[in-house]
Amino acid sequence: MAIVSSTALGPFIEVMTKLFFILTPFFVLSMFITMTDGMGAKKQHRIAEKTTIAIIVICFFFYFLGSYVFAAFGLTLDAFRIGAGAILFRTAVDLVKSEDKDQNPDPARHGDISVVPMAIPFAIGPGTIGMIMVTSAESRGMQAHAISCLGIVAACTLVGLLLYCSSWVERLVGKGGIRIFSKLTGLILAAMAAQMIFTGIKNFFR
């Protein structure tokens, strides 16, 4: 039996695609290339693997604790949609406006960068956390949670593959091409943030 049935394929792809773009993969890739400049391929691959594992663990941490945060602070799902959407929109604007001068390669020469800053805050910022918590709150039943978890793992793995193949990607498109993809990611994030805000406002007035 297939891991993801035909009826579950749509929700799986939706979660995977949303989270993939919210993880700002091309921005993370450009930062990874900058901060691992001068490292050997073996060390780059090891950092890429550790970053991928860190991203998955952190995503699941917020996914499974999201409902408890909602209950503890008395938050509604639509209020969180609006707040998370606003933060995500700011992230999108920062991506579109980002320049090379914002990139600092020094941390790579002072220790392990896989968790901080690669996983947090480059890949997982406030907007990402908000999206994960909203996804958790919207999932109903074991099947829905299983689909969401599979989508999270798939999205994080895709980001990890980008980092693992960073040298090849850099040779293929160049740093300029990666910056362009990063800005396009920002535009997609802006649209997703607007949709989250509009959905929250619509449901609030309903």
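Residues are termed buried under 20% relative accessible area, exposed over 50% and partly exposed in between, with a 1.4 Å probe and protein chains only. The structure is a predicted model, in which local features need pLDDT of at least 70 and side-chain atom pairs count only at pLDDT 80 or more, while totals for chains, interfaces and linings use all residues. Residues are numbered from 1 along each chain as its sequence is written, and side-chain values use heavy atoms, with hydrogens and water left out.

Salt bridges were assigned where a side-chain nitrogen of Lys or Arg lies within 4 Å of a carboxyl oxygen of Asp or Glu. This rule gives 3 salt bridges. Helices and strands are DSSP runs numbered from the N terminus, helices being H or I with at least four residues and strands E with at least two. One of the salt bridges joins Glu14 to Lys18, with 3.3 Å between the closest N and O atoms. Both residues belong to helix H1 (residues 6-22), where Glu14 and Lys18 are 4 residues apart, about one turn of the helix. An α-helix has 3.6 residues a turn, so residues three or four places apart point the same way. Glu14 is partly exposed, at a relative accessible area of 43%, and Lys18 is also partly exposed, at 32%.

A network of salt bridges links Asp78, Arg81 and Glu138. Arg81 and Asp78 both lie in helix H4 (residues 77-97), with a spacing of 3 residues, about one turn of the helix. Asp78 is buried, with a relative accessible area of 19%, and Arg81 is buried as well, with a value of 11%. Arg81 also forms a salt bridge with Glu138, for which the closest N and O atoms are 2.3 Å apart. Arg81 is in helix H4 and Glu138 is in helix H6 (residues 126-138), so this pair ties together parts that are 57 residues apart in sequence. Glu138 counts as partly exposed, at 39% relative accessibility.

Aromatic pairs were defined by ring centres within 6.5 Å for Phe, Tyr and Trp (its six-membered ring), with planes under 30 degrees apart counted as stacked, over 60 as edge-to-face and the rest as tilted. The count comes to 7 aromatic pairs. Among them is the edge-to-face pair of Phe20 and Phe21, with 5.5 Å from centre to centre and 75° between the planes. Phe20 is buried, at 15% relative accessibility. Phe60, Tyr63 and Phe64 form one aromatic cluster.

Helix H7 (residues 141-164) contains 24 residues. The distance from its first C-alpha to its last is 34 Å, close to the 34 Å expected at 1.5 Å a residue, the expected span being 1.5 Å times one less than the number of residues. The buried residues of H7 include Ile147, Cys149, Ile152, Cys156, Val159, Leu162 and Leu163.

A disulfide was taken as a pair of cysteine sulfur atoms within 2.5 Å, and a search of the whole structure finds 0 disulfides. For Cys149, the closest cysteine sulfur is that of Cys59, at 11 Å, too far for a bond. Cys149 is buried, with a relative accessible area of 15%. Cys165 is likewise in no disulfide, the nearest cysteine sulfur being that of Cys156, 16 Å away. Cys165 counts as partly exposed, at 34% relative accessibility.

Surface patches were built from residues with over 30% relative accessible area and no salt bridge, like charges being joined within 9 Å and nonpolar side chains (Val, Leu, Ile, Met, Phe, Trp, Tyr) within 5 Å. Accessible areas come from the Shrake-Rupley method with a 1.4 Å probe, and for residues only the protein chains shown count as cover. Val96, Trp168, Leu172, Val173, Ile180, Phe181, Leu184 and Leu187 form a nonpolar patch on the surface, with about 750 Å² of accessible area together. Helix H8 (residues 166-205) supplies the largest share of this patch, 7 residues. Val173 is located in helix H8 and is partly exposed, with a relative accessible area of 33%.

Gly125 is placed in the loop between helix H5 (114-123) and H6. Gly125 is buried, at 14% relative accessibility. The C-alpha atoms of Gly125 and Ser182 are separated by 15 Å, the two residues being 57 residues apart along the chain.
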